[in-house]
2 protein chains.
Amino acid sequence: MKFSPLLSELIRTLKYLPGVGQKTAQRMAFQLLERNRDGGQELASALHNAMEHVQHCQQCRNFTESELCDICASPKRQQQGILCIVETPQDVMAIEQTAEFKGLYFVLMGHLSPIDGIGPADIGLDNLAELLDKHQIQEVILATNPTVEGEATAHYIAQMCRSRDIKASRIAHGVPVGGELEYLDGSTLMHAFSGRREL
Amino acid sequence: MKFSPLLSELIRTLKYLPGVGQKTAQRMAFQLLERNRDGGQELASALHNAMEHVQHCQQCRNFTESELCDICASPKRQQQGILCIVETPQDVMAIEQTAEFKGLYFVLMGHLSPIDGIGPADIGLDNLAELLDKHQIQEVILATNPTVEGEATAHYIAQMCRSRDIKASRIAHGVPVGGELEYLDGSTLMHAFSGRREL
């Protein structure tokens with residue numbers, strides 16, 4: 001016996017969600033059907049609207065349904081002349097939650113990875129070049145992840161900045177606040193030592 | 001900074017799914033937007049259709065979009081005269097996967113739980129009474145979960161059967177096949193001993 005056609009279809013499509021397999025999809029489907037049909041309908045229309053209308057910001061490539069996202073559209077942030085380069089929209093959220101950085105962002109939506117066929121155009125570096133040429137950017141902060149690909153991407157963008165006489169800086173790597181030296185990997189510790197600052 | 005309105009709405013509604021919190025919802029939203037917009041649209045319409053059209057089977061209370069589910073509609077299964085009572089549609093699936101049981105089902109969609117205000121009417125026992133009165137049922141197999149509430153529900157239904165002179169049986173509790181005695185709880189072991197069969 002199989003589930004009824006509509007139910008099978010719902011379970012099949014729920015598996016498109018990352019981390020959702022057959023059993024989880026069944027649990028989700030039954031939970032919505034038994035307890036929260038209105039919620040299910042809300043989710044259906046939110047999904048439909050988002051898939052239909054959310055696009056990339058024409059300046060920073062972050063997700064937005066407008067032409068420019070709220071950050072790029074803010075004159076205050078444009079005046080700062082600082083651009084922070086991150087890999088994903090989630091990174092923008094993480095940085096925004098600290099409420100310390102007041103400049104603009106550029107979201108790569110990935111990182112350079114020649115082995116996967118991801119080149120400069122795929123992570124929007126031509127858009128970035130345009131942005132650097134057009135706007136008065138004094139400093140570019142490279143906040144890509146400290147992985148091999150993230151570092152390579154950071155170096156590539158640093159070169160782009162150098163050729164335009166724009167200062168490029170990399171976020172500090174070191175001991176996380178609240179972390180303990182004892183449990184840190186050697187590579188991070190090495191970074192912490194080489195990046196030491198005078199007190 | 002918050003996500004754009006459509007994106008926030010999508011993340012908020014994804015949290016209606018069981019086991020999905022803020023971070024998971026973000027990951028799901030971005031995954032669909034970046035990699036699988038068509039899948040997202042399919043999911044949206046599957047959700048919409050299921051929430052709109054999936055109802056309970058008028059006989060067994062399982063989920064279906066028809067008046068009767070496939071199992072209840074099958075004359076072959078009706079002729080068997082056996083009715084298996086389970087708590088959830090997932091239990092029906094689990095039993096169907098063994099392909100051993102050929103009778104009808106009745107899905108309680110829960111269990112008796114006076115403390116939560118769940119009485120006989122809430123788990124459809126009036127429908128069950130009607131089914132027992134109308135159809136030629138010779139045996140009722142009680143396959144509710146071996147929890148306090150499941151046992152209480154089984155006893156309640158057994159009484160209903162007794163008053164109608166229908167045989168009621170409870171599925172066996174004991175050592176799971178492939179399990180090891182060493183790791184079994186005492187209560188299950190006790191059931192295994194008291195339910196022993198001659199070889």
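## How the two chains meet

Before counting anything, one term is needed: two residues are in contact when they have heavy atoms within 4.5 Å. Keep in mind that this is a predicted model. With that in hand, how many residues of chain A are in contact with chain B? There are 52 of them, and they touch 52 residues of chain B.

The size of an interface is often given as the accessible area lost when the parts come together. Here chain A and chain B bury about 5,200 Å² between them, and 70% of that area is on carbon and sulfur atoms. Across the interface there are also 16 residue pairs in polar contact.

## What chain A brings to the interface

Several elements of chain A each supply at least two residues to the side that touches chain B: α1 (5–14), α2 (22–35), α3, β2 (63–64) and α6 (89–98). Which of them gives the most? That is α3(A), with 15 residues.

## A two-fold arrangement

Now look at the pair of chains as a whole. Chain A can be laid on chain B by a turn of 180° and a shift of 0.0 Å along the axis, with an RMSD of 0.0 Å. The two copies are thus related as by a two-fold rotation axis. The same surface serves both copies, as 100% of the contact residues of chain A recur in chain B.

## Salt bridges between the chains

Side chains of opposite charge can pair when their charged atoms come close. The structure holds 16 salt bridges over all chains, and two salt bridges are found across the interface of chain A and chain B.

One salt bridge joins R12(B) and E42(A), with N and O 2.8 Å apart. This pair crosses between chains: R12(B) sits in helix α1 (residues 5–14) of chain B, and E42(A) in helix α3 (residues 37–53) of chain A. How accessible are the two partners? R12(B) has 36% relative accessibility, so it counts as partly exposed. E42(A), at 28% relative accessibility, also counts as partly exposed. Elsewhere, E9(A), R12(A) and E42(B) are linked in a network of salt bridges.

## Salt bridges within chain A

Other salt bridges stay inside one chain. K134(A) and E130(A) meet in a salt bridge of 3.8 Å, N to O. Both residues lie in helix α7 (residues 125–134) of chain A, four residues apart, which is about one turn of the helix. K134(A) is exposed, because its relative accessible area of 62% is over the 50% cut-off. E130(A) is partly exposed, with a relative accessible area of 48%.

A further salt bridge links E139(A) with K167(A), the closest N and O atoms being 3.8 Å apart. E139(A) lies in strand β5 (residues 139–142) and K167(A) in strand β6 (residues 167–170), so this pair ties together parts of chain A that are 28 residues apart in sequence. Is K167(A) buried or exposed? At 54% relative accessibility, K167(A) counts as exposed.

Conventions: Residues numbered from 1 in each chain as written. Chains lettered and ligands numbered in written order. Predicted model: local features only at pLDDT ≥ 70, side-chain atom pairs only at ≥ 80, totals over all residues. Heavy atoms only, no water. Salt bridge = Lys/Arg side-chain N within 4 Å of Asp/Glu carboxyl O. Buried < 20%, exposed > 50% of the residue type's maximum accessible area, 1.4 Å probe, protein only. Least-squares fit on C-alpha atoms with pLDDT ≥ 70 in both. Buried area = accessible area lost by both parts, 1.4 Å probe. Polar contact = N/O pair within 3.5 Å; in protein donor to acceptor, adjacent residues only side chain to side chain.
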